[in-house]
Amino acid sequence: MKRIVFGIAVVLTGAAQVFAAGSYQPGEVGSKFLLVPMSARAVALGGAFAAAQGDASGLDHNPAGLAHLKEFQFSVTHIVYPGGINYSAGSLATPTFHRTGGVFRYRSFFFGDEQRDGIGKKIGGQNIDIIDRDFTLGLYVLAGKHFSLGINGDFIDRTLYLYRDKTIALGTGFQVYTTDRRHVAGISVQHIGEGTKFIEATDPLPMVYRLGGAHVAAKWGQLFWELQKYLDNPGVSVSAGLEWNLTNYFCFRGGTGYNIDTYFAGGMGFHWRSYVLDYAIRPQSGAGILHNMTLTLKWDITEDDFDFGHWLDF
């Protein structure tokens with residue numbers, strides 16, 4: 001019970017910071033690459049992923065959902081943007097042993113402006129590029145039959161032309177669910193920390209507070225919904241998605257949401273043995289069509305495999 005109270009207190013404290021920080025105007029918050037979802041499954045569901053469970057790619061939305069991993073998961077994601085933008089990530093997550101598990105993720109964002117590179121070389125001797133890197137460590141705990149808790153820390157390294165800055169951000173969340181886990185509710189806060197500073201002005205981190213649910217409709221699929229409060233949006237955003245399992249190996253996904261404007265997304269997933277391939281497509285305002293692909297490899301290792309003592313028996 002103490003762990004549950006502590007988890008709720010941590011999340012609510014972070015949420016209070018989001019609301020107490022005041023509203024920024026769009027464009028006044030930096031490190032927006034942190035808000036780009038790295039999960040193709042989450043993108044196809046409209047971003048409603050705070051209550052998802054057993055999926056390592058849900059780290060961006062709620063680290064507590066990883067507490068239900070049943071196997072190791074290694075995932076790589078690549079997002080295709082027009083205009084020379086390159087966004088990739090890789091993660092390795094463990095299943096929960098003795099109610100605890102962990103995850104490591106690395107992601108990078110690169111944007112080069114060829115039209116301005118000539119000016120950059122004349123002034124500073126190099127191209128005008130934006131390079132963002134993020135190293136994430138996460139920990140998740142099964143705190144009870146109906147409760148899980150997660151926390152993650154991000155080391156953020158940003159480079160803008162000749163300028164560079166680093167910072168650390170924290171995120172946390174928890175989930176509550178029914179015994180059969182057919183109904184799940186999740187709350188999380190991400191990107192709590194000091195912003196980055198290149199010359200004089202400091203760009204606040206894009207803190208976001210999420211409240212969502214997931215419901216198993218039947219054997220054919222799941223329904224997801226989520227509310228978000230972004231630091232630079234005075235209103236509350238909303239998203240929802242549907243996952244339709246056609247067979248044990250293939251599913252369709254669709255989602256929609258509202259954040260300043262309305263958007264729609266869709267995608268599909270393929271599952272064969274230990275391999276999962278997810279694809280999503282979403283029109284991105286001002287950036288064209290976003291294509292997101294995630295490849296996941298799953299494998300199972302029992303707790304006995306970590307008992308190295310029996311390896312010495314002859």
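Predicted model: local features only at pLDDT ≥ 70, side-chain atom pairs only at ≥ 80, totals over all residues.

Biologist: Fine. How many salt bridges does the structure hold?

Modeller: The structure holds 12. One of them joins the side chains of Arg 41 and Asp 55, with N to O at 3.1 Å. Arg 41 sits in helix H2, and Asp 55 is in the loop between H2 and E1. The two are 14 residues apart, and the pair links distant parts of the chain.

Biologist: Why does Arg 41 count as buried?

Modeller: Its relative accessible area is 11%, and buried means under 20%. Asp 55 counts as buried too, at 14% relative accessibility.

Biologist: What about Arg 253, what does its side chain meet?

Modeller: The side chain of Asp 278, in a salt bridge of 3.0 Å, N to O. This pair also links distant parts of the chain. Arg 253 is in strand E13, residues 250-259, and Asp 278 is in strand E15, residues 275-284. They are 25 residues apart.

Biologist: Buried or exposed, that Arg 253?

Modeller: Arg 253 counts as buried, at 10% relative accessibility. Asp 278 is buried as well, with a relative accessible area of 7%.

Biologist: Let's switch to Asp 154. Where is it found?

Modeller: Asp 154 is in strand E5. It is buried, with a relative accessible area of 3%.

Biologist: Which side chain does Asp 154 meet in a salt bridge?

Modeller: That of Arg 105, with N to O at 3.9 Å. Arg 105 lies in strand E3, residues 100-112, and Asp 154 in strand E5, residues 147-160, so the pair ties together parts that are 49 residues apart in sequence. Their C-alpha atoms are 9.3 Å apart in space. Arg 105 is buried, like Asp 154.

Biologist: What else does Asp 154 touch?

Modeller: Setting aside residues up to four places away in sequence, its contacts include Arg 107, Asp 134, Phe 135, Thr 136 and Thr 167. Ile 168 and Ala 169 are also among them.

Biologist: How accessible are they, Phe 135 to begin with?

Modeller: Phe 135 counts as partly exposed, at 32% relative accessibility. Phe 155 is partly exposed too, with a relative accessible area of 33%.

Biologist: How many aromatic pairs does a search of the whole structure find?

Modeller: It finds 11. Phe 72 and Phe 97 form a tilted one, at 6.4 Å centre to centre and 50° between the planes. Phe 72 lies in strand E1 and Phe 97 in the loop between strand E2 and E3, so the pair ties together parts that are 25 residues apart in sequence.

Biologist: Which residues do ring pairs link into a cluster?

Modeller: Phe 33, Tyr 87 and Phe 109.

Biologist: And what lies over the face of Tyr 263?

Modeller: Arg 282, at 3.9 Å from the ring centre.

Biologist: Now the cores. Which residues touch the most other members in the largest nonpolar core?

Modeller: Leu 69, Ala 93, Val 103, Tyr 140 and Phe 224, out of 19 residues. A second, separate core has 17 residues, including Leu 34, Val 36, Tyr 81 and Ala 169.

Biologist: What is Val 103 in contact with?

Modeller: Beyond its neighbours within four places in sequence, its contacts include Leu 59, Leu 66, Leu 92, Ala 93 and Tyr 140.

Biologist: Last one, Asn 62. Where does it sit?

Modeller: In the loop between helix H2, residues 40-44, and strand E1, residues 72-80. Asn 62 is buried, with a relative accessible area of 1%.

Biologist: What does the side chain of Asn 62 reach?

Modeller: The backbone oxygen of Phe 174, at 3.4 Å. Asn 62 also touches Ala 50, Gly 173, Gln 175, Gly 186, Ile 187 and Ser 188, among others.

Methods: Residues numbered from 1 in each chain as written. Heavy atoms only, no water. Helix = DSSP H or I, 4+ residues; strand = E, 2+ residues; numbered from the N terminus. Buried < 20%, exposed > 50% of the residue type's maximum accessible area, 1.4 Å probe, protein only. Polar contact = N/O pair within 3.5 Å; in protein donor to acceptor, adjacent residues only side chain to side chain. Contact = heavy atoms within 4.5 Å. Core = buried A, V, L, I, M, F, W, Y, C linked by side-chain atoms within 4.5 Å. Salt bridge = Lys/Arg side-chain N within 4 Å of Asp/Glu carboxyl O. Phe/Tyr/Trp six-rings, centres within 6.5 Å; stacked < 30°, edge-to-face > 60°. Lys NZ or Arg CZ within 6 Å of the ring centre and 35° of its normal.
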